[in-house]
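Subject: Structure handover

Hi,

Here is the structure I promised to pass on to you. My notes on what turned up in it follow below.

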Amino acid sequence: MTANDADGPTLLPATAMAGRDDPVDRILATAYELFSRRGIRDVGINELIDSSGVSKATFYRHFPSKDALVLAFLALRDQVWTVDLIVAEARRRGHTAEERLLAIFDVFGDWFQRDDFEACAFINVLLEMGPEHPLGKASIGYLSRIRGHIQALAEEAGLDRPGEFARSWHILMKGSIISATEGDVLASRRAQQMARWLIEHHRTL
């Protein structure tokens with residue numbers, strides 16, 4: 001039985017691994033499910049090997065350490081969650097840069113309602129491993145990339161001090177994720193209201 005069989009619907013979109021069935025892809029897909037749902041320390045190498053259906057030799061040939069696999073997982077998460085879901089969907093929903101910024105919280109609202117809502121892997125790994133651990137540092141890097149996407153939208157919108165805006169906006173994003181994890185079903189709506197105020201504060205006069 002694979003991890004996907006055991007846990008029901010998968011978190012990893014089918015399109016992410018479409019046409020790919022090499023051992024390395026099976027390992028990474030399994031890691032994506034297990035790490036997203038349970039964190040890093042709770043998932044052992046033997047479980048990853050058994051759930052992905054590969055030999056130990058095959059596993060270590062592609063990923064010489066568990067940390068190496070976690071780094072690959074974080075890179076995949078950045079593509080699947082940050083780029084393909086949050087940024088791309090917000091751009092699709094909004095007609096202007098400001099609308100696209102606000103649409104991030106509409107996308108969050110849909111995400112928060114999912115039965116398999118798993119919060120932010122970058123925040124989770126950072127808190128679990130700490131900011132000085134290589135995996136914590138990698139997570140900080142990916143969180144910074146998210147702010148880069150926000151800053152780009154702020155620049156498109158002509159907002160004042162886009163770098164500062166991106167940091168404040170990211171606080172709203174992270175805060176809403178934590179609130180949703182606590183069970184606040186209106187977290188994205190509350191954050192979006194504060195986001196409107198933030199946009200007004202950064203409008204160029």
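Trp81 and Phe108 are both buried. This is a predicted model, by the way, so please read everything here with that in mind. By the ring-centre rule, with a cut-off of 6.5 Å, there are 16 aromatic pairs. In the pair made by Trp81 and Phe108, the ring centres are 6.3 Å apart and the planes meet at 35°, so this pair is tilted. Trp81 sits in helix 5 (residues 66–93) and Phe108 in helix 6 (residues 97–112), so the pair links distant parts of the chain, 27 residues apart. A second pair, Phe112 with Phe117, is edge-to-face, with 5.2 Å from centre to centre and 70° between the planes. Phe112 is buried, and Phe117 is too.

Helix 5 packs on helix 7 (residues 121–129) at an angle of about 150°, and the two axes are 10 Å apart. Angles over 145 degrees count as roughly antiparallel, and helix 5 and helix 7 are therefore roughly antiparallel to each other. On the helix 5 side, the contact is made by Phe73, Leu74, Arg77, Asp78, Trp81 and Thr82, while helix 7 brings Ala121, Phe122 and Val125. Sorted by type, the residues of this contact are 6 nonpolar, 1 polar and 2 charged.

Next, the core. The largest nonpolar core has 65 residues, and Phe108 and Trp169 are the ones with the most contacts inside it. Among the elements that give two or more residues to this core are helix 2 (23–38), helix 3 (45–52), helix 8 (134–156) and helix 10 (187–201). Helix 5, helix 6, helix 7 and helix 9 are also on that list. Setting aside neighbours within four places in sequence, Trp169 is in contact with Leu101, Leu102, Ile104, Phe105, Ile150, Ala195, Leu198 and Ile199.

His170 lies in helix 9 (residues 162–182). Its relative accessibility is 2%, so His170 counts as buried. Again leaving out neighbours within four places in sequence, His170 is in contact with Leu143, Ile146 and Arg147.

Gly109 belongs to helix 6. With a relative accessibility of 16%, Gly109 falls under the 20% limit and so counts as buried. The C-alpha atoms of Gly109 and Ala180 are separated by 9.2 Å, although these residues are 71 residues apart along the chain.

Most residues other than glycine have a negative phi. Ala119, in the loop between helix 6 and helix 7, has a positive phi, near 65°. Ala119 is buried, its relative accessible area being 9%. Arg161 has a positive phi as well, near 50°, and is found in the loop between helix 8 and helix 9. Which class does Arg161 fall into by accessibility? At 32%, Arg161 counts as partly exposed.

Happy to talk any of this through.

Best wishes

Terms used:
Residues are numbered from 1 along each chain as its sequence is written. This is a predicted model: local features need pLDDT of at least 70, side-chain atom pairs count only at pLDDT 80 or more; totals for chains, interfaces and linings use all residues. Side-chain values use heavy atoms; hydrogens and water are left out. Rings of Phe, Tyr and Trp (its six-membered ring) pair if their centres lie within 6.5 Å; planes under 30 degrees apart count as stacked, over 60 as edge-to-face and the rest as tilted. Helices (H or I, at least four residues) and strands (E, at least two) are DSSP runs, numbered from the N terminus. Buried means under 20% relative accessible area, exposed over 50%, partly exposed in between (1.4 Å probe, protein chains only). Axes are lines fitted to C-alpha atoms, for helices over the stretch in contact, and angles run from 0 to 180 degrees between N-to-C directions. Angles under 35 degrees count as roughly parallel, over 145 as roughly antiparallel, 65 to 115 as roughly perpendicular and the rest as oblique. Contact means heavy atoms within 4.5 Å. Ala, Val, Leu, Ile, Met, Phe, Trp, Tyr, Cys and Pro count as nonpolar, Asp, Glu, Lys and Arg as charged, and the others, Gly among them, as polar. A nonpolar core is a set of buried Ala, Val, Leu, Ile, Met, Phe, Trp, Tyr and Cys residues joined through side-chain atoms within 4.5 Å.
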